[in-house]
Amino acid sequence: MEILVQLIINGLLLGGAFAIISIGLTLIFGLVRVINFAHGEFLMIGMYMVYFLNLEFGWHPYVSALPVALALFIIGAVMQRYIIQPLLSAPADIQIFATVGVSIALLNLALLVFGADVRPVVVEVGTGSVGVGGYTIGIGQWVTFITAIVLVGALHLFLTRTHLGRAFRAVAQQRDAAALMGVNVNRIYILAFGVGSACVGLAAGLLSTQYPVFPTVGTYFILAAFVVVVLGGMGSMYGALFGALIIGLVDSLSGYYFAPDLKEVAYFSIFILILIFRPTGLFGLGRGSE
Amino acid sequence: MRFLAKYCASACAGAIIALGAMGPSQAADLKIGALYPFSGGLALLGDESFRGAEMAVAERNAAGGVNGQQIKLFKADAVDANQAVGEARRLTSVDNVAAIFGSYSSSISFAATQVAELAGVPYFELGAISDEITSRGYKNVYRSNPTAKDFSEASLDALVKIIGPALKIEPKDFRIAIIYEDGLYGTTVSGFQKKRAKELGLNVVESLPYSAKAVDLSSLILRLKGAKADVVLQTSYQTDTILYFKQAKAAGFTPKAVIGVGGGYSLLDTAKALGSTMDGAFDIDFPQYATNEAGAPGMSAFVEAYKKRYGTAPRSGHSLANYVGAQAFLDILANAKSTDKDKIRAAVMAYEKPVGTTATGWGFKFNEAGQNERVTLYLAQWQGGKLITVGPEKAAVAPPIFPK
């Protein structure tokens with residue numbers, strides 16, 4: 001029983017990490033309708049930035065999370081404006097090729113510039129664990145989990161209570177009608193891509209206390225992120241949060257009760273079942289935005 | 001008419017240039033391919049391994065080359081088995097290399113050697129450990145380094161002969177957990193470990209594969225805790241080693257001994273990432289730089305030369321292993337006095353050096369399958385952020401330390 005509770009705790013906390021990465025991905029997909037295959041590499045770029053800010057200036061990853069999020073906002077916006085925007089009327093395959101191309105280019109550029117070395121950010125705060133009632137809770141994981149929930153809440157408020165947020169939702173629901181209503185769709189796309197990328201910049205800061213950075217680090221998370229996004233419903237932030245928690249739990253429980261190497265079998269099986277029985281995902285409204 | 005004249009003129013010019021390029025005859029370079037993972041996830045150790053071969057070649061070229069020929073290395077980047085096949089084909093049929101050095105990764109080597117064997121080009125494996133590479137009945141694949149079987153057996157022998165006595169525990173009383181990454185490397189090594197453990201009558205309580213790309217091993221660690229494992233044998237790459245140690249510490253899992261078999265356990269970067277968390281971890285590995293010179297003559301000279309050439313200390317023992325292997329194969333190529341594969345094979349079979357005469361402590365004697373049988377493996381331990389040889393006694397620099 002004790003082990004089960006610990007497994008559940010571990011699973012939920014792991015879900016927090018997946019959530020914070022998936023939120024940005026689902027936002028971009030929900031609004032711009034582009035699957036950003038370079039999302040993992042944006043995480044990698046964010047983590048390198050956090051690493052170097054720590055190395056040069058001694059900034060703690062939690063401190064550099066905000067500037068890095070801002071930097072990634074700009075990178076995401078630039079990618080949307082100069083790479084995706086020209087391809088918006090092209091078939092979806094072409095857009096996918098473009099993002100996959102960016103992903104490969106960034107990964108190998110990082111390998112070229114930084115080398116394959118695994119670089120850890122060594123800090124005190126945000127590492128280690130506490131014992132609560134006989135169970136262990138990782139501090140870094142706990143911070144990530146709480147931040148994921150706060151982020152979803154903040155984005156929800158942004159989307160429902162602000163004028164810009166309303167524009168986002170309008171574009172997600174019906175692009176042409178929104179344009180007719182005077183919304184500058186291209187500008188919204190740029191901002192949305194930026195916000196989605198900023199979320200993964202925040203993730204970079206939070207995850208840097210737990211994982212070292214190396215050029216392929218994005219690939220370790222991205223497949224799970226895609227499963228989460230599809231499971232939760234593409235475009236739904238609550239979907240991303242709950243999907244992530246579910247996947248985290250599956251990861252933890254199947255790792256213990258089946259075998260650690262069959263974890264992916266478990267959650268990809270769920271992925272396939274969702275695609276068969278509920279392709280729009282748990283919270284998806286087909287073309288919904290939140 | 002004018003067209004014809006122009007055509008003739010350029011044809012003549014071309015012929016003159018071609019004749020000029022043939023030039024005064026000079027010994028053509030000896031072309032050797034270097035097939036390693038230079039990019040992708042294995043790039044760090046692939047590059048480190050290549051550096052060893054590169055140094056051996058540079059040293060040899062400075063000393064006059066092989067029978068008067070300067071050696072030219074043709075780098076080939078193979079991230080995975082598919083690319084390995086493509087690159088091996090390019091080396092053998094486009095670049096026409098006389099031989100290939102490689103490859104650090106067993107799956108890359110396995111694929112590339114098939115191509116080389118079919119093309120009749122000798123393949124000198126300097127670092128990959130999967131036994132299958134030299135047990136397919138191939139005639140032109142040779143390997144200088146120990147195999148997974150050697151490593152695996154050494155890890156259990158070390159537990160029985162060095163660690164058990166030091167802890168004053170009967171080996172049969174250990175509760176052993178074998179955890180490994182689920183690729184060719186992990187499955188091969190753990191397979192031999194399980195076999196050897198059975199031969200020695202040891203108690204293996206858990207055997208758990210996991211994906212090297214896992215972002216969470218906490219459920220695996222809970223399993224180990226549940227099974228009350230007190231010895232962990234791990235076969236892992238770098239990121240999973242870091243993840244395991246971090247999460248084991250967080251979960252409060254402290255077995256009496258953790259023994260790695262190369263991979264992530266060999267790397268200085270792993271120790272830097274983990275700090276004191278890694279102290280006490282054992283590693284069966286290619287010879288380490290902190291080894292008694294009595295067991296490995298020439299090791300410090302290698303380290304000095306490496307620092308001079310690359311500006312840092314060696315990042316792992318792979319460069320040394322590749323260096324010693326490449327040196328031996330260059331000797332063999334010189335002895336063969338030819339790039340004919342049969343003459344090279346004869347030279348390989350005839351080449352002999354006693355154990356303890358090279359910078360890794362290895363000797364050389366190749367069996368029919370092309371595998372070097374005079375390999376030695378030492379037990380090392382991370383102490384104070386350094387990997388130190390702790391056994392057997394002749395090679396030891398310090399005794400093993402255990403958590404209180």
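This is a predicted model: local features need pLDDT of at least 70, side-chain atom pairs count only at pLDDT 80 or more; totals for chains, interfaces and linings use all residues.
Residues are numbered from 1 along each chain as its sequence is written, chains are lettered from A and ligands numbered from 1 in the order in which they are written, and side-chain values use heavy atoms, with hydrogens and water left out.

Over all chains, 29 aromatic pairs were found, a pair being two rings of Phe, Tyr or Trp (its six-membered ring) with centres within 6.5 Å, classed as stacked when the planes are under 30 degrees apart, edge-to-face when over 60 and tilted otherwise. The rings of A:Trp142 and A:Phe145 are stacked, because their centres lie 5.9 Å apart and their planes meet at 20°. Both residues belong to helix H5 (residues 139–161) of chain A, where they stand three residues apart, about one turn of the helix; helices (H or I, at least four residues) and strands (E, at least two) are DSSP runs, numbered from the N terminus. A:Trp142, at 42% relative accessibility, is partly exposed.

In chain B, the pair formed by B:Tyr306 and B:Tyr310 is tilted, with 4.8 Å from centre to centre and 55° between the planes. These two tyrosines lie four residues apart in helix H10 (residues 299–310), about one turn of the helix, and B:Tyr306 is buried at a relative accessible area of 0%. The charged end of B:Arg51 sits over the ring of B:Tyr310, 4.2 Å from its centre, the criterion being NZ of Lys or CZ of Arg within 6 Å of the ring centre and within 35 degrees of the ring normal. Ring pairs also link B:Phe101, B:Phe124, B:Tyr142, B:Phe329, B:Tyr351, B:Phe364 and B:Phe366 into a cluster.

The largest cavity holds about 200 Å³, and its lining comprises 16 residues, of which B:Tyr104, B:Gly127, B:Ile129, B:Tyr185 and B:His318 lie nearest its centre. The second largest cavity holds about 110 Å³. Its lining is made up of 15 residues, with A:Tyr211, A:Pro212, A:Tyr220, B:Ala214 and B:Thr239 closest to the centre.

The largest pocket has a volume of about 970 Å³. Of the 43 residues in its lining, A:Gly128, B:Lys246, B:Gln247, B:Lys249 and B:Ala250 are the closest to its centre, and the largest share, seven residues, comes from H1 of chain A. For the second largest pocket, the volume is about 650 Å³, and among its 31 lining residues the closest to the centre are A:Tyr220, B:Gly41, B:Leu42, B:Lys213 and B:Tyr237.

Technical notes
On a 1 Å grid over the protein atoms alone, a cavity is a set of points where a 1.4 Å probe fits but cannot get out, and a pocket is an open set with protein on both sides within 12 Å along at least five of seven lines; lining residues have an atom within 4 Å of a point. Grid points are joined across faces, edges and corners, and a volume is the space filled by probe spheres set on the points. Buried means under 20% relative accessible area, exposed over 50%, partly exposed in between (1.4 Å probe, protein chains only).
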